[in-house]
Amino acid sequence: MKSNIRQSPILLLLTILVSLFIICPALLSITSGLEENYSKGWKSGFTLRWLRDVWSNYGNTVTASIAIALCCVIGNVLLGVTGAYALARSKSKLSIWFEELLTLPVAVPGLATALALILAYGQVREFRQSFAFVLVGHMIFTLPFMVRTVAASFRRQELIALEEASATLGAGFIERFFSILVPAALPAILSGSLMVFTLSIGEFNLTWMLHTPLTRTLPVGLADSYASMRIEIGSAYTMVFFIVVLPLLWLMQFVASLADKKYGT
Amino acid sequence: MELERTAVDIRQCEKTFLDGTKALQLTNLLIEPGEVVALLGPSGCGKTTLLRIIAGLEKSDGDGSVWFGSDNVTRLPVERRGIGMVFQHYALFPQMSVASNIGYGLKIRGVSEQEIKRTVGELVDLVRLNGLEHRKPKELSGGQRQRVALARAIAVRPKVLLLDEPLTALDAKLKESLRDELADLLRRLNITAIHVTHDQHEAMSIADRLVVMLAGKVVQVGTAEDLYRSPKHPFVASFLGRINTLKVIRDSRGQTGVCIGGTWIPCFASVNKDSEVMLRPEDISLSVVDSLDSPTKIAHRVFLGDRVHLRVHTEDAGDLLVDAARDCPFQTGESVKVHVAAEALMSFGDY
């Protein structure tokens, strides 16, 4: 819709400047991954060499990260959605406390959470050395995002009425939950999943403590390349990150908006 | 569609919410098989709580019990009570078509695909939704949604049909036509129905019997006509229609009565001094007055088409609401004389 309010050119200029200020580092980082020599700039010529190096050195971190993020989403859907329902329907005051407690890992530095996990389960070697250990860390960190989003949806008066309506029509709990509540909360579940996926893909704090040389994720590999390789390789790595993550995010966003159209009220 | 007719007996039910509010005082109520009853009262009077106790969506405190015929259903969860319920905002399943909404309860019960199709078809005819079977709820008008909700509730052949403010979400004009349609449909179905509303016209036109509630308590139960003509409680009188409240005085001979526009009207019923009597606006008639300086004057006049609503100012009884016929000639500012029959005064003993 077109507005009749005249736009101020000063504000427009300001917006452009701020946007450029934010976008420039990302663009620079990407382009320097394509340059032959970063210090000489684009005059040194362009190459795909660094990208190939990244893929051969760190290619496995891409699949590991995506796999962990997807597992994290699945785990969140299983534990988070059911947990959200329990919290939303609980009449106990303890449930409010519990929900606050659940959010704690977001506020507490990831390093502390990771240290606690290592202290508690570090001795279980099989577990400690597997990707499951990293996954558990990601789950702890992302669960509140799913639970809070979905619980808020379950608490809506509309959904309570839908659940009651299906109960009056003879539906038991399992039928109510799967045939009515989950479809009605689907937009919230999908937007929670999107958030969880995004957080898991980019998670560094916890993962840096929890990983082993054999269980590295994309951001950990990125830190490693920055620390130990040429800056061009680090930049090329950033580019790989963008190439991998952006289409996935767009795809999930598209699915979420599609579901919102179908199930939104 | 032939439905079972079940009596509903509410025994010793009461409800206190977690925060300590007493939503429903100790209540007993018997609803006859096939009867349509309205729970009527202002918001917060406990009518919805009572309905939800009958449905099984709330539990009565203490020893309260709910009986459907000879079955004690108090401990049955809502999904096994065999009720049908229409919700205030209909609560139609948004992702399902009209047909799937109506057939949902049957599908849950494991009824065959063919049988569901037949029943849904029959109901679609009954509530006149033909051609809309494949629409989604959000593609329907308010009135159509209401009819889907009704069809969905009766599809499962409930023992009791519960209606929670079924017409509140509709606009005034539609409300009136759907009101009569609903009343007609309930009679044809011959089903026990309990209908919650705060709208007295809705209750009067749909229900056989009205249960008037106030502050968690049943105040009076009866037919609309009984309640209107002989209310046992001033609240019932004021809630069903408009009312004038007058102060009772005692004259020099010790007789009680009221003075309206200089005319003494005795109270026959035993009323105390300082108590109040009530008077319906249509029980006051007006006539031309000889002297122009009479203090009884028309203060306000609203022409409503079939009726004329007047506010008459009197010196002794304050402002009175008067309901006159269409052709009432008196205009604002004109002096009038007020006539009231002594029988028209409604008094309330100890309630």
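How many bridges join S15(B) to strand S21 (residues 346-347) of chain B, and in which sense do the two run? Two bridges join them, and the strands run antiparallel. In S21(B), B:Ser347 is the bridge partner of B:Val277.

## About the model

This is a predicted model, in which local features need pLDDT of at least 70, side-chain atom pairs count only at pLDDT 80 or more, and totals for chains, interfaces and linings use all residues. Residues are numbered from 1 along each chain as its sequence is written, while chains are lettered from A and ligands numbered from 1 in the order in which they are written.

Helices (H or I, at least four residues) and strands (E, at least two) are DSSP runs, numbered from the N terminus. Two strands pair if DSSP finds at least two bridges between them.

## A hairpin and an open sheet

Strand S1 (residues 8-16) of chain B is joined by six bridges to strand S2 (residues 22-31) of chain B, and the two run antiparallel. They form a hairpin with five residues between them, and B:Gly20 in the turn has a positive phi of about 95°. B:Cys13 has B:Thr27 of S2(B) as its bridge partner.

Further along chain B, three strands form an open sheet in the order S12-S13-S14, with antiparallel pairing. Strand S12 (249-250) and strand S14 (263-266) stand at the edges with a single partner strand each, so one side of each is left without a neighbour in the sheet. Four bridges link strand S13 (residues 256-260) of chain B to S14(B), and B:Ile260 stands opposite B:Thr263.

## Two positive phi values

If you like to check backbone torsions, two residues other than glycine are worth a look. B:Gln12 has a positive phi near 55° and sits in strand S1 of chain B. With 13 C-beta neighbours inside 10 Å, B:Gln12 counts as partly exposed.

B:Arg157 has a positive phi near 50°. This residue lies in the loop between helix H4 (142-155) and strand S7 (160-164) of chain B, and B:Arg157 is partly exposed, with 16 other C-beta atoms within 10 Å.

## Helix packing in chain A

In chain A, the axes of helix H2 (residues 49-89) and helix H10 (residues 218-228) come within 8 Å and cross at roughly 155°. Axes are lines fitted to C-alpha atoms, for helices over the stretch in contact, and angles run from 0 to 180 degrees between N-to-C directions. H2(A) and H10(A) are therefore roughly antiparallel to each other (angles over 145 degrees count as such).

The contact is made by A:Tyr58, A:Thr61, A:Val62 and A:Ser65 of H2(A), together with A:Leu218, A:Gly221 and A:Ser225 of H10(A). Residues are in contact if their C-beta atoms, placed from the backbone, lie within 7 Å.

## Where the chains meet

Between the chains, 20 residues of chain B are in contact with 18 residues of chain A. Strand S6 (83-86) and helix H2 (98-108) of chain B each supply at least two residues of the side that touches chain A.

Technical notes: Angles under 35 degrees count as roughly parallel, over 145 as roughly antiparallel, 65 to 115 as roughly perpendicular and the rest as oblique. Two residues are in contact if their C-beta atoms, placed from the backbone, lie within 7 Å. A residue is buried if 20 or more other C-beta atoms lie within 10 Å of its own, exposed if 12 or fewer, and partly exposed in between; C-beta atoms are placed from the backbone.
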